[in-house]
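Hi everyone, thanks for coming. Let me put the structure up on the screen, and then we can walk through it together.

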Amino acid sequence: MAKILVVDDDPDFVNLTRRILRGKGYEVVTAASGQQALQVMRKEKPDLVLLDIMMSYILDGLDVSREMAQDPELKDVPVIMVTSLTGARAQMTLPSDEYIPVDEWIHKPIDPDGLLARVEKALKKT
Amino acid sequence: MTVQLKGRAEAITIQWIPKYTTLERASHWLHTATFVPLAVTGMILYFPFLQPLAQGAAGETFRLIHRVAAVIFGLLPIVYFIFQPRRLLLNIREFLPNKEDIGWLKGAPAYYLLGKHEAMPPQGRFNAGEKMNGLVMMIAWFVFGITGLPMWFGKGAIPPELFRWLVVFHDLAMIVSVCMFLVHLYLAVAHPLMWAGLVSMRFGVTSAEYAAEHHAKWFYGPKRAMEIWEAKKREAAQH
């Protein structure tokens, strides 16, 4: 079964997500900050990363996904952003220097069925 | 900051950053709503020239208002601790001073009075001034509690000398916290650079642009925030 890395500084969210994913048979590893997440990924490469954005600082999660994109070992690992940050959705026109591609974007609080559907979809792409 | 979804033309631009929980905002405004009557009635009881107001039925009413407001003021942080202990501890940790706050003190006159943004080193979720305000209010809350409760319930039972010292410390806490409150009020309501602080305490969020500009260490992380600040200083020096 696929190995999923859950990265979030909120232990309640990590516990809830771990329970949802383990219920479907996924192997779950966790990290509480961007720095810790990269260490875990480089030690045991996951099949998918569920990544919070705002942890040690606001853009912590985005810096992780940027670093993953530059790492030949990690660039193909799909990333689902799970966040309470709110943003405006728009059609992409000109990529800026802050352009970061991710596979999925989920808002907190999460719906367990919705999360599992997105996880399955992201894993199928790999 | 823009995030694009892979394989799609759809992009998400982050606009709003959550800063305060609903309980934090409710506590803040209830604390304000109780602090003001506490300060006003406290000053009526404290200043000799206002003593005529503290006599008779009016005096009794002021004492009653002071005590009712004090109970709510005292209970709010306890309620916050019961419902969101992790957030409270996180905030207390962020209020603690560190050596980087010296940079804020050095840069504050040029930043607040002259609007020179490059003079202010990158700040965290709370800038050093907000941290000072939070810390002063926390200490004052504690001092008001340990001096006010014996003054309320221990009159006649505790030695007069100790009672006098309790009054002195209660009054000192009042003077310091009222001064801090006035600075906080001015910065939050009237200062042109700080208006977004009031918005975030009203709605719980702050704009990504404001966070990047005024709380760069919280937005970009310490390393990138310092790099951006150094570049900004170099640019200002060239002009």
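First, some housekeeping. This is a predicted model, so local features need pLDDT of at least 70 and side-chain atom pairs count only at pLDDT 80 or more, while totals for chains, interfaces and linings use all residues. Residues are numbered from 1 along each chain as its sequence is written, and chains are lettered from A and ligands numbered from 1 in the order in which they are written. When I say helix or strand, I mean a DSSP run, numbered from the N terminus: H or I with at least four residues for helices, E with at least two for strands.

Let's look at chain A. Five of its strands form an open sheet, in the order β2-β1-β3-β4-β7, with parallel pairing. Two strands count as paired if DSSP finds at least two bridges between them. At the edges sit β2 (27-31) and β7 (104-107), each pairing on one side only. On average, neighbouring strands here are turned by 20 degrees against each other, direction ignored; the axes are lines fitted to C-alpha atoms, for helices over the stretch in contact, and angles run from 0 to 180 degrees between N-to-C directions.

Now find β3 of chain A, residues 48-51. Is this strand covered on one face or both faces? Both: A:Leu48 and A:Leu50 are buried on one side, and A:Val49 and A:Leu51 are buried on the other. Buried means that 20 or more other C-beta atoms lie within 10 Å of the residue's own; 12 or fewer makes it exposed, anything in between partly exposed, and C-beta atoms are placed from the backbone. In general, side chains in a regular strand alternate between the two faces of the sheet.

What are the partners of β3(A)? Strand β1 of chain A (residues 3-7) is joined to β3(A) by four bridges, running parallel, and A:Val7 stands opposite A:Leu51. Strand β4 of chain A (residues 79-83) is also parallel to β3(A), with three bridges, and there A:Val49 has A:Val79 as its bridge partner. Moving on, β4(A) pairs with β7(A) over four bridges in the parallel sense, with A:Val82 partnered by A:Ile106.

Next, the meeting of the chains. Here 25 residues of chain A are in contact with 21 residues of chain B; contact means C-beta atoms, placed from the backbone, within 7 Å. On the chain A side, β5(A) gives the largest share, six residues.

Three bridges join β6(A) to β1 of chain B (residues 2-5), in parallel. A:Ile100 stands opposite B:Val3, and A:Pro101 has B:Gln4 as its bridge partner. Within chain B, β1(B) runs antiparallel to β2 (residues 10-18), again with three bridges. That hairpin has four residues between the strands, and B:Gly7 takes a positive phi near 75 degrees.

Last stop: helix α5 of chain B, residues 128-153. Its 26 residues should span 38 Å at 1.5 Å a residue, and the end C-alpha atoms are 37 Å apart, which agrees. The expected span is 1.5 Å times one less than the number of residues. Buried residues of α5(B) include B:Ala140, B:Phe144 and B:Thr147. What do the buried residues pack against? They pack against α2 (56-83), α3 (85-95), α4 (101-114) and α6 (160-189) of chain B.

Terms used: Contact = placed C-beta atoms within 7 Å.
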